[in-house]
Number of protein chains: 2
Amino acid sequence: MAKIVRFHRTGGPDVLQLDEVPTPKPQAGEALLKVEAIGLNRAEVMFRQGEYLEQPEVPSSLGYEAAGIVEAVGPDVRGLQVGDRVSSIPSFSMGKYFTYGEVALLPAFALAKYPPDLTPAEGASIWMQYLTAYGLIEFGPMQAGNYVLITAAASSVGLAAIQMANAVGAIPIATTRNTTKEPALQDAGAAFVVNTKNDKWPKRVREITSGKGVDLAFDPIVGPELERVAETVRTEGTIFVYGRLSSEPTPFPLFAAMSRNLLIRAYTLFSIVTNPERLQRGQQWIYDHLAAKKIHPIIARTFPLADIVDAHRFMESNEQIGKIVVTV
Amino acid sequence: MAKIVRFHRTGGPDVLQLDEVPTPKPQAGEALLKVEAIGLNRAEVMFRQGEYLEQPEVPSSLGYEAAGIVEAVGPDVRGLQVGDRVSSIPSFSMGKYFTYGEVALLPAFALAKYPPDLTPAEGASIWMQYLTAYGLIEFGPMQAGNYVLITAAASSVGLAAIQMANAVGAIPIATTRNTTKEPALQDAGAAFVVNTKNDKWPKRVREITSGKGVDLAFDPIVGPELERVAETVRTEGTIFVYGRLSSEPTPFPLFAAMSRNLLIRAYTLFSIVTNPERLQRGQQWIYDHLAAKKIHPIIARTFPLADIVDAHRFMESNEQIGKIVVTV
């Protein structure tokens, strides 16, 4: 038997509960992990609310990221041994697999070793954030000298984008609505921090870029703010739209886009993880830059597994700076 | 003295009038054309209405396209001789230059020879339409085997896109709301014609592409229809947004875009004509394919200069299939 987190109806954080279930037995191509740390993601909040791309079938387990020790592998699993220290790459259906629990059942292809000098909490915090932000490098391509606008920058992906921009010699401009987060964003490597509470904030970004506009914008918010983001982008620059934190409708930023021939790229991690070559390039980039200490995951706070409800509440508070981790 | 078309206030077609003005004398870098034919564009309708990117100062002349004979050149003009048979590339400010008249004043860089086997009416109909549709090749890139959705396909740019798709071995799917235009679109080379009066039209496009979706969409309409256009596009496909014929607001097609990692490229001819290398590639492509009879401008109807008001009325009727030309 093992304790795993499940919800029996969609809803707020308190629908999450620890259920004692028979320990799953990995089938062909699967592996069972003894979990040491779980990385939390916005996707799981949305899944729990029934608002994700994928609909849960209750009672449902959940979770994209965990670090742990391989405890058992199913038939036909190659390149993975019992005892290996691995973490999970979000490249699977949350309806079928899960990471929130004392154990995690996962497809073997979604497990990768992480650098031995990282703690399990850090190991559970690398793939979603760095592979998502890696889209900037794969598709931007983000290069030395580029100005890069990073909205909602205190999220784990936002911080990853800041670090990766610095790693390639680009100039990250971070935004937040929360004044108290500004120093942390500067500490994390933002060359400039712009507060978006003031509607005139795009003017500040224009000033920073000497009127030219940013080369790339990386935005998980959309909604009406997308028009302001578009105001900050240079002629033929690119906006990555990689989430929809705003609950308001999103007008297409037609005027800015047509005036300056903007490119808007709707982007999700799936376009990396479902493409073996991109995934391989992304993983290698991340291994190389972790080893060179050019990037390093920032943990906002850790919670014990018993406090999973509080951990989700904390995510919804939007007070965190970096990754929320649950340790087991 | 020369007769040129001007308007003394913005408004409907009947604000256009023939004014007798002193024949302009070309200054440095400019040329004067004895006009033989004028190609009409939607941009001029919008300019006349005061709804274009550029605002007119009344009394204002207008016009992007004309074919004619070089009558005079200003100082510092190279590569252009009096007597040359040329037509204009829309790469200048309509506030400063014009083509609607017995004469046209234009920057010399905007004049290019056109193939001698084309009539002046055809010569006045090539640059806007083919250079605009050339964006598909430059940026798509549109390639053999691609399915290409072309909305508002009976416009001159739409027909140009159909011809260019066929020229590279792509499969053009043309849309129209007007049943009577369907045969003409087939004659023009559309592999499929889809009527968009029925809201379920994206389903038909999905069927044509065996469920996969089109590789490229080329849309000058936007408005609420952009969401339906997005439904037809394959994973990681591209939508070119190159106009805004719709007077309704345009919601960002978030669900389709995020589900399939779509790229939306806001695109105007300026990104070609203000970039010498792209312009050179585009012109060469057009010369080569005109010579090979792979593309050929379709003239909807010609009007005499005295009937310029009727010509603009006809454009606004949206009944035309191809280019409206005024002969002088």
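Figure 1. Leu263(A) stands opposite Arg265(B) in β14(B). The two strands, β14 of chain A (residues 263-266) and β14(B), run antiparallel and are joined by three bridges. Strands count as paired if DSSP finds at least two bridges between them; helices (H or I, at least four residues) and strands (E, at least two) are DSSP runs numbered from the N terminus. The model is predicted: local features need pLDDT of at least 70, side-chain atom pairs count only at pLDDT 80 or more, and totals for chains, interfaces and linings use all residues. Residues are numbered from 1 along each chain as its sequence is written, and chains are lettered from A and ligands numbered from 1 in the order in which they are written.

**Figure 2. Contact between chain B and chain A.** On each side the contact takes 22 residues, where contact means that C-beta atoms, placed from the backbone, lie within 7 Å. On the chain B side, α8 and β14 each supply at least two residues. That side of chain B has 14 nonpolar, five polar and three charged residues. Nonpolar covers Ala, Val, Leu, Ile, Met, Phe, Trp, Tyr, Cys and Pro; charged covers Asp, Glu, Lys and Arg; the others, Gly among them, are polar.

Figure 3. Strand β12(B) (residues 214-219) runs parallel to β13(B) (residues 233-241), with five bridges between them. Leu216(B) faces Thr238(B) of β13(B) across this pairing. From β12(B) the chain passes through helix α7 (residues 225-231) of chain B to β13(B) in a right-handed β-α-β crossover. Right-handed means that, with the strands pointing away from the viewer, the path from the first strand over the helix to the second runs clockwise. Four bridges link β13(B) to β14(B) (residues 263-266), again in parallel, and Thr238(B) has Leu263(B) as its bridge partner in β14(B). Helix α8 (residues 254-260) of chain B lies in a right-handed β-α-β unit with β13(B) and β14(B).

**Figure 4. Antiparallel sheet of chain B.** Three strands form an open sheet in the order β2-β1-β4, with antiparallel pairing. Its edge strands, β2 (16-21) and β4 (60-61) of chain B, each pair on one side only. Two bridges join β1 (residues 2-7) of chain B to β4(B), and Phe7(B) stands opposite Ser60(B).

**Figure 5. Domains of chain A.** Domain 1 spans 2-126 + 298-327 and domain 2 spans 128-270, with bounds from an automatic or database domain assignment. Their centres, taken over C-alpha atoms, are 28 Å apart. Domain 1 of chain A gives 12 residues to the contact and domain 2 of chain A gives 11 residues.

Definitions and conventions
Two residues are in contact if their C-beta atoms, placed from the backbone, lie within 7 Å.
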